[in-house]
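User: Could you walk me through this model? I'd like to go piece by piece and ask things as we go.

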Amino acid sequence: NEEETWVVMKTARAPSNIAVIKYWGKRDEKLILPINSSISVTLDPEHLSATTTVAASPAFEKDRLWLNGKEVSVEGVRYKNCLREMRARATDVVIESSGKVIRKEDWNSLHIHIASENNFPTAAGLASSAAGFACLVYALAQLMGVQEKYEGELTAIARLGSGSACRSLYGGFVEWKMGQEIDGTDSIAVQLAEESHWKDLVIIIAVVSSRQKETSSTSGMQESVKTSPLLKYRAEMEKYDESVRKMQSNRVLMEEVVPKRIVQMEKAIKSMNFTEFAKITCADSNQFHATCLDTSPPIFYLNDTSRKLIGLVERWNRHAGEPQVAYTFDAGPNAVMFAKNKEVAAQLLQRLLYQFPPSADTDISRYVHGDQSI
Ligand code: 2P0
């Protein structure tokens, strides 16, 4: 029966992003609403991205998902939430090749197959869930003919998959505004500047380990919200957490760290002030890892190699008199470094190869891709 054999599919690619002001902690677990705004840089899709194909057919009996070639459950609440929100916004879609029309209401009964692949290690602290959910939402929007009713609507849906995913729907420099509404409609990502804005900046990623991390970000940040006093100083938790409010009722509320840094970072990016950008980026990475250590039981994401990289950059910047390189680490030991310009990037690469010599069988060509990122 011809009615039952058609398949319609779309493929999309979305890059990973790396936060320079970190998201760590939720005020609402279901809607994935953060306790602070965050700022990130979207990475080059050539090297760090997810590619996702979504397909619909009346022949599909249920929703199914394959990650890097392996079938996994699509029953998780995060996938379900994203699919539900996208189906609710689906429109009439015409299949070009046959002229067949898929009606808006058909999407409620059509099952979806999703196949997603990363071109980088999964769950090693290089934001694989960010690229994955951003890509899924974008691909579904193409498949189902979804148009945003307000700017950032798709980012709010990607956020339901994984908080940091909302930032991967835009390139360049992106801010995830924490928002205030309880339904999360204003907790969206906005682009601060396009990728072409800061041409001198070079991003170098040092993959220290491609092993899966021991503590997932989701559970790690839950533990930090529950137990870390430092996180209460860092973010605006007083407003959302009854126990914190009680604890602090006897003293003047202090001004939190992150809201100030967000304003400073917006300025640094807009004016391409590398000194400010580097200072805030390194400080925020260090405070995020201090918060992890301040969690009970403590969470260790950095390892000895990560700390050696920090030492190398700190010594270099001190000798130079002003920052040449900035570093930041997510929920894993891998370093993302920002070099002030190409010359500094070349020097950095030289220093890294000297300090961490590749083994004899390493293919050195892997280290250089074009002249932008390495
Ligand atoms: C960030 N990270 O801003 C921070 C810095 C890790 C360290 O966003 O629970 O995977 O899915 O919202 O988005 C990782 O957290 O967590 C993260 P969920 P997510 O990039």
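**Strand pairing and surroundings**

Analyst: Let me start with one pair of residues in this predicted model: Ala206 stands opposite Ala335, which belongs to strand E16.

User: Which residue stands opposite Val336 in E16?

Analyst: That is Ile205. The two strands concerned, E14 and E16 (residues 335-339), pair in the antiparallel sense, and five bridges join them.

User: What's the strand order in that sheet, and which strands stand at the edges?

Analyst: The sheet is open and has three strands in the order E14-E16-E15, with antiparallel pairing. Strand E14 (202-206) and strand E15 (325-329) stand at the edges, and because each has a single partner strand, one side of each is left without a neighbour in the sheet. On average, and ignoring direction, neighbouring strands here are turned by 25° against each other.

User: Which helices pack on it?

Analyst: Helix H8 (residues 274-293) packs on the sheet and touches E15 and E16, its direction making about 25° with that of E15. Helix H10 (residues 342-355) also packs on the sheet, where it touches E14, E15 and E16, and its direction makes about 15° with that of E14.

User: Is E14 mostly covered or mostly open?

Analyst: E14 is mostly covered, in that four of its five residues are buried.

User: Where does Asn334 sit, and is it buried or exposed?

Analyst: Asn334 lies in the loop between E15 and E16, and it counts as buried because its relative accessible area is 2%, where buried means under 20%. A polar atom of the Asn334 side chain lies 2.6 Å from the backbone nitrogen of Val208.

User: Switching to the ligand: which residues come nearest?

Analyst: There are 17 residues around the ligand, and Tyr23, Lys26, Arg78, Ser162 and Ser164 are those that come nearest.

User: How far are the polar side-chain atoms of Lys26 and Thr218 from the ligand oxygens?

Analyst: For Lys26, a polar side-chain atom lies 2.7 Å from an oxygen atom of the ligand, and for Thr218 the corresponding distance to a ligand oxygen atom is 2.8 Å.

User: How much of the ligand's area does the protein cover?

Analyst: On its own the ligand has 460 Å² of accessible area, and the protein covers 94% of that.

User: Which element gives the largest share of the shell?

Analyst: That is helix H4 (residues 217-227), which contributes three residues to the shell around the ligand.

User: New topic: why is H3 described as largely enclosed?

Analyst: Helix H3 (residues 153-161) has nine of its nine residues buried, so it is largely enclosed by the rest of the structure. Those buried residues include Glu153, Arg159 and Gly161.

User: What covers them?

Analyst: The cover over the buried residues of H3 includes strand E4 (33-34), helix H1 (77-88), helix H2 (128-144), strand E12 (173-176) and strand E13 (189-193).

User: You mentioned E12 and E13, so what is the order of strands in their sheet?

Analyst: They belong to an open sheet of four strands with the order E2-E5-E12-E13 and antiparallel pairing. Strand E2 (17-21) and E13 stand at its edges, each with a single partner strand, so one side of each is left without a neighbour in the sheet. Neighbouring strands of this sheet are turned by 35° against each other on average, again with direction ignored.

User: How many bridges join E2 to E5?

Analyst: Four bridges join E2 to strand E5 (residues 38-42), and the two strands run antiparallel. Within this part of the sheet, Asn17 stands opposite Thr42 in E5.

User: What about Arg261, which residues does it touch?

Analyst: Arg261 has its place in helix H7 (residues 257-270), and it is buried, with a relative accessible area of 15%. Leaving aside residues up to four places away in sequence, Arg261 touches Ile21, Arg234, Ile280, Ala283, Asp284 and Gln287.

Conventions
Residues are numbered from 1 along each chain as its sequence is written. This is a predicted model: local features need pLDDT of at least 70, side-chain atom pairs count only at pLDDT 80 or more; totals for chains, interfaces and linings use all residues. Side-chain values use heavy atoms; hydrogens and water are left out. Two strands pair if DSSP finds at least two bridges between them. Axes are lines fitted to C-alpha atoms, for helices over the stretch in contact, and angles run from 0 to 180 degrees between N-to-C directions. Contact means heavy atoms within 4.5 Å. A residue is near a molecule or strand if one of its heavy atoms lies within 4 Å of it. A polar contact is a pair of N or O atoms within 3.5 Å; within protein, one must be able to donate a hydrogen and the other to accept it, and residues adjacent in sequence count only if both atoms are side-chain atoms. Accessible areas come from the Shrake-Rupley method with a 1.4 Å probe; for residues, only the protein chains shown count as cover. Buried means under 20% relative accessible area, exposed over 50%, partly exposed in between (1.4 Å probe, protein chains only).
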